[in-house]
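Have the sequence and the 3D view open as you read.

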Amino acid sequence: MMKRGIRYDFSLLALLLIPVGVSLNVVGYQLSTILKLPVFVDQIGTIMVSMIAGPWIGLLTGLLGNVVNGMLNPIAIGFSIVSMSIGFVSGYLSKWKFYNNIFGIILSCILLTIVSAFTAAIVTVFMFGGVTGAGTDLITATFLATGKELWNSVVSTNLISGSINTILNFGISWLIIRRVPDRFLIKLNYGEPYIKKGGNVNG
């Protein structure tokens with residue numbers, strides 16, 4: 001049994017996953033921003049890394065992804081707390097084997113949506129006044145037009161778009177991990193649950 005926790009999770013192999021995760025996040029964020037999509041596929045790397053390397057590596061991947069994106073779009077820096085929260089929570093969900101069955105996956109997606117929605121709403125309202133220039137601003141404007149207050153409008157928007165975001169980001173992350181060789185997964189603290197049944201971990 002591999003030891004887990006902040007003292008043990010920062011193995012060389014886990015650290016090497018961080019630039020891979022950051023790259024996936026940056027590509028997803030740039031696509032979402034350039035195309036003005038109402039959803040963001042900028043957490044693929046964060047979730048993927050957190051699933052097989054744990055909460056602390058996931059948190060760091062989320063932070064660094066936003067720092068890199070912030071060089072091109074400073075708004076991304078403000079949302080670092082969102083990515084860090086997603087990576088941290090997702091890592092613990094993986095540790096507690098929530099991703100091992102369909103019920104756990106559904107519950108995990110709900111929890112991740114709530115976490116991302118409320119942390120993003122705090123940043124959106126208190127740092128940017130409710131407007132970030134993203135495609136989701138149109139949804140917020142629609143809620144405001146119906147008479148909802150700013151906070152309720154932003155939270156509602158984030159819950160709607162966030163649920164789609166989470167499903168897309170998790171789904172793509174899951175598909176990537178299914179392509180990772182078993183001999184690589186077995187060397188990671190959190191990789192064992194994703195080893196294919198009957199798979200050969202030696203070759």
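## Overall fold

Read along the sequence, the pattern is α-α-α-α-α-α-α-α-α. That comes to nine helices and zero strands. The radius of gyration is 17 Å, close to the 17 Å that the globule rule gives for 203 residues, so the chain is as compact as a globular protein of that length. Keep in mind that this is a predicted model.

Along its principal axes, the C-alpha trace spans about 60 × 35 × 30 Å. If you take the contacts with a separation of 6 or more, 65% of them link residues 24 or more positions apart. Buried residues make up 48% of the 203 in the chain.

## A helix on the inside

## The nonpolar core

The largest nonpolar core has 29 residues, and the ones touching the most other members are Met51, Ile52, Tyr99, Phe170, Ile177, Leu185 and Tyr194. H1, H2, H5, H6 and H8 each give two or more residues to this core. H2 gives the most, with six residues.

Leu185 is a handy one to click on. Setting aside its neighbours within four places in sequence, Leu185 is in contact with Ile52, Ile177, Val180, Gly191, Glu192, Tyr194, Ile195 and Lys196.

## The greasy side of the surface

In soluble globular proteins, nonpolar side chains tend to be buried together. The chain exposes about 10,000 Å², and carbon and sulfur atoms supply 72% of that. There's also a nonpolar surface patch of about 1,100 Å², with Ile102, Phe103, Leu107, Phe126, Trp151 and Leu159 among its residues.

Which helices each supply at least two residues of the patch? They are H6 (102-128) and H8 (150-178). The largest share, 10 residues, comes from H6. With a relative accessible area of 37%, Phe118 counts as partly exposed.

Conventions: Residues numbered from 1 in each chain as written. Predicted model: local features only at pLDDT ≥ 70, side-chain atom pairs only at ≥ 80, totals over all residues. Heavy atoms only, no water. Patch = residues over 30% accessible without salt bridge, like charges linked within 9 Å, V, L, I, M, F, W, Y side chains within 5 Å. Areas by Shrake-Rupley, 256 points an atom, 1.4 Å probe, with all protein chains shown as cover. Salt bridge = Lys/Arg side-chain N within 4 Å of Asp/Glu carboxyl O. Helix = DSSP H or I, 4+ residues; strand = E, 2+ residues; numbered from the N terminus. Buried < 20%, exposed > 50% of the residue type's maximum accessible area, 1.4 Å probe, protein only. Core = buried A, V, L, I, M, F, W, Y, C linked by side-chain atoms within 4.5 Å. Contact = heavy atoms within 4.5 Å. Rg over C-alpha atoms; globule rule 2.2 N^0.38 Å.
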